[in-house]
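Please take the sequence and the model together, and follow the chain with a viewer open as the paragraphs below move from one feature to the next.

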Amino acid sequence: MSGVIFFTACERDYNTIGVDIVDDGSTNINKISYDVKAYNRKLSAVRTDGLSGYQLADYKHPIFGVQKASFASQLSLPSSNPTFGDVSQANEDSSADNQENEVVTEVYLHIPFYSTLVSDTISDDSSKPKDYRVDSIFGNINATFNLKVNEYTKYLRVLDPETNFQEAKAYYSNEDPTEFISTVLFDGDVEINQEELLYFNNEDDPNTPDEDESEVPSERLAPRLRIALNTQFFQEKIINNEGKSPLLSANNFQEYLRGVYVSMETANNDLAMLLDVSNGYIEVHYQYDNTDSEGEAIVSEKSVKLSLSANTANKVNYLSNDPYPQQIADQFTNQDASRLYIQGGAGSIVEVDISNGSGDALNELQEAKSKGWLINEANLIFYVDETAIGQGGTETLPKRIYLYDYQNERPLIDYTVDLSQNTGVDSTSYAIFDGRLDEENSVGPRYKFRITNYINNLIKNDSLNIKLGLSTTNSILNAASVSAILESDSRLIKVPQASIPNFQGTVLYGNNVPNDVSDKKLKLEIYYTEPEK
């Protein structure tokens, strides 16, 4: 690790968050910069069960090529042995007078978008939709796309029989769902609707002449995909099985109707979305024979919801990528890379070596230890290669990336002790640790991570050097890791779970760069104070 001292100066406005000294206005703060090696690592698969969000995509990334995403989900009954209509099937079977003759009229698949209610635009007029900001849709949001919903016949076990049902069953993004795709439930063109959905099923009460209840929404739904499904399928699978074995328990039901599979295609590979599948459901509307209070025959209506909830239904995201262009693939070796590529999903991560390839960062920082430097701040800085990110410019870049302990598969201590932590907003949480896109820097767009505690541990405690990992993140608040498979040797590693439900990616400068961009190469900057002799 080569070091270059850039300046020694008195800086009274120096930021002292997390420092070891207090600047009294006369302290000399020195800055030194070290080279850092980094290596690209391509993933062939990632574990995709148990995610917070699920991708649906046919999308050409400007750097990495076409990405496709589909998903399968189990369904859950609202309760074991549900009753449809007003009386149980046992009561219907006991008397000809109790026959309700339930008939499915409509079935809809609901999958919400991630959206936020814009509170300052709420109107006093309750009959009008509220404004929502829809998040996590990429590409051409106005594109018409083909959506398919099929029955899925693979049983998605929650627990793994190979571990005597002691551990969760792992499902990976590169599994082939084709042989399990069965009955077509929907196949048609769809457009994204970003508006709140309002439904008016109330009847006007004649006793309230100043109010028309029919104009008051009976139901308000945040923006979502709402897809009409095959009614006959759910008549046979659900309603006709009232009181029968397939619906008697959750296990029976999930063995009987194993799930649904959702996929999409676009004409121009121009749309991708992250969906809140865990809050999704299928709503089955049906009519049944009934009598009113006077004993007259009427037709009543009800519905039953089959949940896609994460707590009771397993789900799997299937992800595929085009092979990387050759000029990118050439950077995926064990050599110190000149360009670093991180991509979400089953894309790529970066392995960072603070020791600059020597294997012992403490040797490289020996001067700091021997001279008793007080480390005020240590920053690992990655600059964006603007020439490689395409016509989309910085608008296509991740707003935040994530640095972690690659070797021990856990967050860095600087993440853990960040006093800002969770502010309730992803972009401002863990602001000291950082990793946010900085477009205002004079040298160029960059991402900076403060790793002061990590460096202090190396110097003060003779800690072992660890390899760091760099990835995209869908949420800085999610520090969990999941299994992934390296493409180079099929080795199983751990990657941040939050990097998986993420379409974005970027190109960063490594350490091995030409002289004309040497100011943008990967570097470790340390601000320190050397005790007076």
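Y288 stands opposite S300, a residue of strand β18, where strands are DSSP runs of E of at least two residues and helices are runs of H or I of at least four residues, both numbered from the N terminus. The strand β17, residues 281-291, is joined to β18 by eleven bridges, and the two run antiparallel; two strands are taken to pair if DSSP finds at least two bridges between them. Strands of a sheet pair through backbone hydrogen bonds, either parallel or antiparallel. Here four strands make up an open sheet in the order β14-β6-β17-β18, with antiparallel pairing. Its edges are β14 (224-228) and β18 (297-307), each of which pairs on one side only. On average, neighbouring strands of this sheet are turned by 25° against each other, direction ignored, the axes being lines fitted to C-alpha atoms and the angles running from 0 to 180 degrees between N-to-C directions.

Some words on the basis of these values are in order. The model is predicted, so that local features need a pLDDT of at least 70 and side-chain atom pairs count only at pLDDT 80 or more, while totals for chains, interfaces and linings use all residues. Residues are numbered from 1 along each chain as its sequence is written, and side-chain values use heavy atoms, with hydrogens and water left out.

The aromatic rings come next. Rings of Phe, Tyr and Trp (its six-membered ring) pair if their centres lie within 6.5 Å, and planes under 30 degrees apart count as stacked, over 60 as edge-to-face and the rest as tilted. By this rule the count comes to 20 aromatic pairs. Y152 and Y261 are a stacked pair because their ring centres are 6.0 Å apart and their planes lie at 20°. This pair links distant parts of the chain, with Y152 in strand β10 (residues 145-152) and Y261 in strand β15 (residues 260-265), 109 residues apart. Both Y152 and Y261 are buried, a term for under 20% relative accessible area, with exposed meaning over 50% and partly exposed in between (1.4 Å probe, protein chains only). W373 and Y528 also form a stacked aromatic pair, at 3.6 Å centre to centre and 10° between the planes. Here W373 lies in the loop between α6 (366-370) and β22 (374-383), whereas Y528 belongs to strand β30 (residues 523-529), 155 residues apart; W373 and Y528 are buried. Ring pairs also link F382, Y402, Y404, Y415, Y430, F433 and F449 into a cluster.

On a 1 Å grid over the protein atoms alone, a cavity is a set of points where a 1.4 Å probe fits but cannot get out, and a pocket is an open set with protein on both sides within 12 Å along at least five of seven lines; lining residues have an atom within 4 Å of a point. The whole structure holds two cavities of 30 Å³ or more. The largest cavity has about 60 Å³ of space, a volume being the space filled by probe spheres set on the points, with grid points joined across faces, edges and corners. Strand β28 gives the largest share of this lining, three residues. The second largest cavity, of about 50 Å³, is lined by residues including Q55, K68, L319 and G344, and β5 (65-73) and β19 (315-321) each supply at least two residues of its lining.

The largest pocket contains about 840 Å³ of space. Of the 26 residues that line the largest pocket, D135, S136, K399, D426 and N474 lie nearest its centre, and the elements giving two or more residues to this lining are β7 (114-117), β8 (132-135) and β9 (137-139). The lining divides into ten nonpolar, nine polar and seven charged residues, where Ala, Val, Leu, Ile, Met, Phe, Trp, Tyr, Cys and Pro count as nonpolar, Asp, Glu, Lys and Arg as charged, and the others, Gly among them, as polar.

Finally, the backbone at F165 has a positive phi near 60° in a residue other than glycine, in the loop between β10 and β11 (181-190). F165 counts as partly exposed because its relative accessibility is 42%.
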